[in-house]
Amino acid sequence: MSTQKVRVGFIGLGIMGGPMAGHILGAGYPLCVYNRTASRVEELASRGARVGASPAEVAAEAEVVITMVSDSPDVEKVIGGSEGVFKAIRPDSVVVDMSTISPEVERDLSKLLQSKQCHLVDAPVSGGDVGARNASLAIMAGGEREIFERVKPLLEVMGQPTYCGSVGCGQLTKLCNQILVVMTLLGISEALAYARKNDLDPRVMVEATQGGAAGSWQLSNLASKIIDRDFAPGFMVDLMDKDLRLVLESAETSGVPLPGTFLVAGLFKEIQAQGRGREGTQALAKVLEAMAGL
Ligand code: NAP
């Protein structure tokens, strides 16, 4: 397969998938796209992408099919469903699933694809909507090394790929990433509530701390949104709830207690119970503010 001429299919043009597919088109790859809600394909179609009527139609046109949908059942549907990728994929093609889903499901899908001499790379991402737009995503990839090397130039169009091990290891790494992210976000939410309660200017606090040992992507990108009362997603609470479910299920299976993650998962449930699941994850700050009587 010549990398420069590889025909790419992209399924799922949401907050993340839309700009990611745009970078692939911009880099000169022939691209065929599918999105369940048809209106979301319009921008890429106007830039020259072909549009498939189903995931199967996309697979029929592509040597590498990228999926970027929501949860495990969604990936199972777009790959294994009645009009799914598996129906039309040709031997030696590669599916790169960039959604965040269960490592177990990736292993099952890999076996399914092997039955047609095809390959799976699980390659979830971190870096948010900003990383998707700037092509600066951290990409955590699992699969056969040789297959990863084959798709690496394509992944580099969207960010920085790291090879993490066999199929499922990309998802396991992403779940570690989510443990790190929620702990950091809890710390930021606590620090902001504490600053406000003590009449400290939160902007000054963030400016003074972000260059030091407490600096992080979350502090640089989300603290200002919290201060400005901007709770639009970014990364939705509902999707974080899904990721934390995946983390806690996987941790239960492997016998690893994650007391901090368990605590934050409960706080995200509270935001959902208030009907705010479609807000960005920075809404966690509001729970801490309420606890502080702000
Ligand atoms: P999103 O904006 O809600 O987009 C989800 C996409 O998946 C949409 O194109 C949606 O189609 C499609 N989809 C969902 N279920 C489907 C199904 N059953 N059949 C066909 N298409 C389906 O979500 P997103 O933020 O782009 O997230 C996508 C993935 O990236 C998730 O796994 C998420 O956890 C992960 N992620 C997100 C971020 C972030 O900051 N947003 C960061 C890292 C990783 P419709 O348009 O029809 O709804």
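Helix 12 gives the largest share of the shell around the ligand, three residues. The elements giving two or more residues are helix 4 (72–80), helix 7 (128–134) and helix 12 (237–254). Helices are DSSP runs (H or I, at least four residues), numbered from the N terminus. This is a predicted model: local features need pLDDT of at least 70, side-chain atom pairs count only at pLDDT 80 or more, and totals for chains, interfaces and linings use all residues. Residues are numbered from 1 along each chain as its sequence is written, and side-chain values use heavy atoms, with hydrogens and water left out.

The shell holds 25 residues, each with a heavy atom within 4 Å of the ligand. Asn35, Thr37, Arg40, Ser70 and Lys242 come nearest. By class, nine are nonpolar, nine polar and seven charged. Here Ala, Val, Leu, Ile, Met, Phe, Trp, Tyr, Cys and Pro count as nonpolar, Asp, Glu, Lys and Arg as charged, and the others, Gly among them, as polar.

A polar side-chain atom of Lys242 lies 2.8 Å from a ligand oxygen. Polar contacts are pairs of N or O atoms within 3.5 Å. Taken alone, the ligand exposes 900 Å², and the protein buries 91% of that. Accessible areas come from the Shrake-Rupley method with a 1.4 Å probe.

## Between two domains

Domain 1 (8–166) and domain 2 (172–291) both give residues to the shell, so the ligand lies between them. Domain bounds come from an automatic or database assignment.

Methods
Polar contact = N/O pair within 3.5 Å; in protein donor to acceptor, adjacent residues only side chain to side chain.
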